[in-house]
Amino acid sequence: AVLEHSEMIPRAMKLFASEYLSGILIQHPEEIGSLAGIAEGSPPVGSGYLFAPALGHARPAGDPIFSYLQDSSSSYAEKLALLRRRFRHRIFAVGARDLTELRGVYESLAAATSIAEEAIEAAFGIAGKPAGLAVLALGRLGSGEFDVLSDADLLFVCDEGSDHQEQGKAVERIMQTLAAYTRDGTVFPVDTRLRPRGNEGELLVTPAQFSDYSQREAHPWEALSYSKLRFVAGSRDLAERAMAAARILFQRFAAEPGFLQSVIEMRAKLDVAEAPGKSFKTSPGGIYDIDFLSSYLLIKHGIAEKNGNLRDRIWRCAGSGLLKNVDAAALDHAAEFLRTIDHVVRLVMGRARKWLPATEHACSVTTTITEQLLQREFAGGLEAELAETCGRVRTIYSRVLTGG
């Protein structure tokens with residue numbers, strides 16, 4: 001494969017700045033062919049543009065191999081192997097394009113989200129395309145910001161009249177198909193802890209149960225989480241019923257006088273939980289400040305469309321008069337900066353980390369790639385820029401939510 005694509009060797013050398021990508025290339029040198037495909041050009045998957053249609057509603061033509069797996073007569077082991085190889089190939093191409101073409105982080109995350117969705121659809125097909133079952137996304141998958149090395153936060157919804165025992169087995173097959181570790185690796189871990197009642201709740205929930213939970217038991221922070229709820233696979237009608245139940249949750253807390261205080265207290269708990277360490281997400285002024293602020297405003301003021309990436313949600317708030325344009329611009333700038341660094345650290349280190357790499361070399365490489373992607377230079381260093389950015393975010397967060 002290397003001899004066949006020898007003209008790609010200079011391009012491949014750029015990937016050795018990334019522990020993640022070089023690890024794949026060393027173990028699977030045939031992936032050098034992916035770089036030839038990138039060089040020839042291909043239409044972008046997903047979108048980083050404001051208010052783009054949610055992935056899952058109007059997705060481009062699917063990957064033929066993922067589509068083949070849904071109806072293949074091959075053995076289960078063969079289908080798992082092909083699913084893992086195809087996902088690895090597609091996600092490798094995402095990271096390689098990032099480093100060779102220096103594209104923006106939201107475009108990269110949208111592409112990774114689309115690939116993850118197609119993998120989930122393939123797993124749903126491998127599980128037998130069970131009727132009366134829907135798979136919905138939450139977390140970063142729900143907001144269209146799935147990244148390399150991300151977990152998939154999923155909610156499984158079944159019809160009231162279906163056999164829950166059989167549906168439970170189907171869900172276990174879907175999760176096993178995605179998360180089981182084989183000789184070809186895994187696709188990605190599946191996290192179901194955001195379901196009603198968390199780990200203490202049933203793995204499957206019906207729309208009626210979800211509606212009742214939303215009206216009676218759900219906590220304020222769950223309203224923020226479910227603002228990212230989005231259909232991925234299975235019955236779209238069933239998913240729409242579940243999302244209608246989530247709207248009940250939004251209406252309930254929008255009218256709740258203590259909603260704001262509950263949100264502030266939950267955010268403060270996350271600050272304390274991570275102290276004294278630093279985190280792109282939970283440190284004061286981190287991603288959670290932007291996420292909590294935008295989600296709260298969209299829910300409190302009854303904005304119908306709450307989904308989308310951080311950029312989308314920030315500017316929806318500004319477009320509705322809930323944020324000043326100058327604050328929205330500062331938050332947008334910070335969100336792109338934080339998402340970019342988090343993404344680059346994953347590529348450089350080959351694993352997700354809470355903060356910048358500890359070693360001088362890895363931190364230097366992270367700084368260089370981040371500067372290239374954002375087309376900026378950080379004269380005082382990346383950590384100093386992070387501190388300044390988080391300080392601006394926390395100032396806006398405090399002023400908008402607490403009046404501080």
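**Close-up 1. Buried residues of helix α13 in the predicted model.** In this predicted model, the buried residues of α13 are Ile287, Asp289, Ile290, Asp291, Phe292, Leu293, Ser294, Ser295, Tyr296, Leu297, Leu298 and Ile299. Because 12 of the 14 residues of α13 are buried, this helix is largely enclosed by the rest of the structure. From its first C-alpha to its last, α13 reaches 20 Å, which is close to the 20 Å expected at 1.5 Å a residue. Just after the end of α13 comes glycine 302, which takes a positive phi of about 65 degrees.

Close-up 2. Aspartate 289 and arginine 267 meet through their side chains in a salt bridge, with a distance of 2.6 Å from N to O. The pair links distant parts of the chain, since aspartate 289 belongs to helix α13 (residues 287-300) and arginine 267 to helix α12 (residues 259-274), the two being 22 residues apart. Aspartate 289 is buried, and arginine 267 is buried as well.

Close-up 3. The salt bridge shown here joins aspartate 332 to arginine 311, whose closest N and O atoms are 2.8 Å apart. This pair, too, links distant parts of the chain, with aspartate 332 in helix α15 (residues 325-349) and arginine 311 in helix α14 (residues 310-319), 21 residues apart. Aspartate 332 and arginine 311 are both buried. Over the whole structure, a search finds 35 salt bridges.

**Close-up 4. A salt bridge between a buried and an exposed residue.** Aspartate 191 and arginine 193 form a side-chain salt bridge, at 2.6 Å from N to O. Are these two partners buried or exposed? Aspartate 191 counts as buried because its relative accessible area is 12%, and buried means under 20%. Arginine 193 counts as exposed because its relative accessibility is 51%, and exposed means over 50%.

**Close-up 5. The largest pocket and its lining.** The largest pocket holds about 1,200 Å³ of space. Its lining is made up of 34 residues, and those that lie nearest the centre of the pocket are Asp153, Arg193, Leu194, Lys281 and Tyr288. At least two residues of this lining come from each of the helices α7 (139-142), α10 (220-226), α12, α13 and α15. Sorted by class, the lining comprises 16 charged, 12 nonpolar and six polar residues.

**Close-up 6. Isoleucine 120 in helix α6.** Isoleucine 120 is part of helix α6 (residues 105-126), and it counts as buried because its relative accessibility is 0%. When its neighbours within four places in sequence are left aside, isoleucine 120 is in contact with Val135, Leu141, Leu154, Leu178, Phe188, Val232 and Ala233. Valine 326, which is 206 residues from isoleucine 120 in sequence, is 39 Å from it in space, C-alpha to C-alpha.

**Close-up 7. Threonine 389 in helix α17.** Helix α17 (residues 382-402) contains threonine 389, which counts as buried because its relative accessible area is 2%. With its neighbours within four places in sequence left aside, threonine 389 is in contact with Ala334 and Phe337.

Key
Residues are numbered from 1 along each chain as its sequence is written. This is a predicted model: local features need pLDDT of at least 70, side-chain atom pairs count only at pLDDT 80 or more; totals for chains, interfaces and linings use all residues. Side-chain values use heavy atoms; hydrogens and water are left out. A salt bridge is a side-chain nitrogen of Lys or Arg within 4 Å of a carboxyl oxygen of Asp or Glu. Buried means under 20% relative accessible area, exposed over 50%, partly exposed in between (1.4 Å probe, protein chains only). Helices (H or I, at least four residues) and strands (E, at least two) are DSSP runs, numbered from the N terminus. The expected span of a helix is 1.5 Å times one less than its number of residues. On a 1 Å grid over the protein atoms alone, a cavity is a set of points where a 1.4 Å probe fits but cannot get out, and a pocket is an open set with protein on both sides within 12 Å along at least five of seven lines; lining residues have an atom within 4 Å of a point. Grid points are joined across faces, edges and corners, and a volume is the space filled by probe spheres set on the points. Ala, Val, Leu, Ile, Met, Phe, Trp, Tyr, Cys and Pro count as nonpolar, Asp, Glu, Lys and Arg as charged, and the others, Gly among them, as polar. Contact means heavy atoms within 4.5 Å.
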